[in-house]
Amino acid sequence: MSFDTLVTPAQAPPGETADPDPLRIVPRRRTGQWLAAAAVLLLLALAAYSVVRNDAFQWDVVADYFLTTAVLRGLGLTLWLTVAVMVLGFALGTLLAVLRLSANPVLRSVSWGYVWLFRSMPILVQLLFWFNIGALYPTILGIKSVNLLGPVTIAVIGLTLHEAAYAAEVVRGGILSVEKGQLEAAQSLGLGAWRRLRRIVLPQAMRSILPPAGNMLIGTLKGTSIVSVIAVQDLLYSVQLVYHRTYQVIPLLLVATLWYIVVTSLLGVGQHYIERYYARGTAGAR
């Protein structure tokens with residue numbers, strides 16, 4: 001632990017008045033920290049220079065394909081999948097969270113079992129399972145599974161069921177963060193269970209739900225890239241189709257990477273302002 005040096009005024013000789021100058025705090029010199037910061041900045045500059053000047057990255061090819069129709073179409077499907085999975089996942093997750101907090105032991109057990117099962121299975125295994133569901137159920141409602149469950153539908157089902165298991169725990173934690181006194185006050189006013197949840201519990205729980213939900217949103221956006229294994233033409237699959245034809249693997253992967261960075265950055269900014277909105281009136285609001 002470092003301490004700043006406290007400089008006291010000089011003692012006056014006997015019979016004379018002491019100098020009334022106030023105490024001065026002299027900051028301690030942190031030469032080592034500044035040297036370390038300079039070394040880090042130098043390394044970052046060298047890394048950036050090597051990336052920009054390395055011809056193997058083929059930045060001209062990156063610029064040519066960045067706004068092509070195929071890439072933008074894949075980006076659009078990635079965004080659509082992200083929104084659909086998050087909305088459906090949190091809707092199902094909220095229901096599971098309410099069941100988990102229910103007084104009915106059967107409902108609690110069903111909710112717990114769902115969360116346990118889908119959190120235990122890797123998402124890739126789930127997608128491949130749904131992709132081969134026709135081996136178990138050749139027909140569903142009299143319709144062939146192959147015709148009913150296309151790659152995009154399978155991607156939505158698999159990702160939604162996976163996200164709902166995590167969303168259930170996020171929502172449950174947010175609900176448990178609400179003080180019991182709030183619920184008792186709502187009960188004393190005669191509010192029903194649904195109105196208490198909608199008007200009292202969830203608005204207050206949002207402060208605890210939003211940070212992990214924002215992280216889940218960004219994780220879902222990046223996680224949609226896994227649907228390329230079942231031939232869903234998302235952003236990654238779209239650039240893969242191009243570099244399988246042109247053999248320009250690195251620049252096309254950079255195109256996908258840059259788009260992921262752009263979108264996740266925008267989502268991070270939106271998350272910041274939404275969290276600040278729900279944090280109004282708290283000490284941590286900025």
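The secondary structure of the chain comes to 11 helices and four strands. The model is predicted: local features need pLDDT of at least 70, side-chain atom pairs count only at pLDDT 80 or more, and totals for chains, interfaces and linings use all residues. Residues are numbered from 1 along each chain as its sequence is written, and side-chain values use heavy atoms, with hydrogens and water left out.

Take the whole chain to begin with. Of its 286 residues, 31% count as buried. Buried means under 20% relative accessible area, exposed means over 50%, and partly exposed lies in between, with a 1.4 Å probe and protein chains only. Now look at contacts, meaning heavy atoms within 4.5 Å. Among those between residues at least 6 apart in sequence, 71% join residues at least 24 apart.

Next comes helix H11, residues 249-278.

Tyr277 and Arg207 are 70 residues apart in sequence, yet 9.3 Å apart in space, C-alpha to C-alpha.

How does H3 pack against H11? Helix H3 (residues 69-100) meets H11 at an angle of about 40°, with the axes 12 Å apart. Axes are lines fitted to C-alpha atoms, for helices over the stretch in contact, and angles run from 0 to 180 degrees between N-to-C directions. H3 and H11 are therefore oblique to each other. Angles under 35 degrees count as roughly parallel, over 145 as roughly antiparallel, 65 to 115 as roughly perpendicular, and the rest as oblique. The crossing of H3 and H11 is right-handed. That term applies if the near helix is turned clockwise from the far one by less than a right angle; anticlockwise is left-handed. H3 contributes Val71, Leu72, Leu75, Thr78 and Leu79 to the contact, and H11 contributes Val255, Trp259, Tyr260 and Val263. These residues divide into eight nonpolar, one polar and no charged. Ala, Val, Leu, Ile, Met, Phe, Trp, Tyr, Cys and Pro count as nonpolar, Asp, Glu, Lys and Arg as charged, and the others, Gly among them, as polar.

H3 packs on H9 as well. Here the angle is about 140°, with the axes 11 Å apart. H3 and H9 are therefore oblique to each other. Their crossing is right-handed. On the H3 side the contact is made by Thr78, Leu79, Thr82, Val85, Met86, Phe90 and Val98; on the H9 side, by Leu197, Ile209, Ala213, Met216, Leu217, Thr220 and Leu221. By class, this contact has 11 nonpolar, three polar and no charged residues.

Finally, turn to two loops. Most residues other than glycine have a negative phi. Gln58 has a positive phi, near 55°. Gln58 sits in the loop between helix H1 (31-53) and H2. At 29% relative accessibility, Gln58 counts as partly exposed. Ala231 has a positive phi too, near 65°. Ala231 lies in the loop between H9 and H10. Its relative accessibility is 40%, so Ala231 counts as partly exposed.
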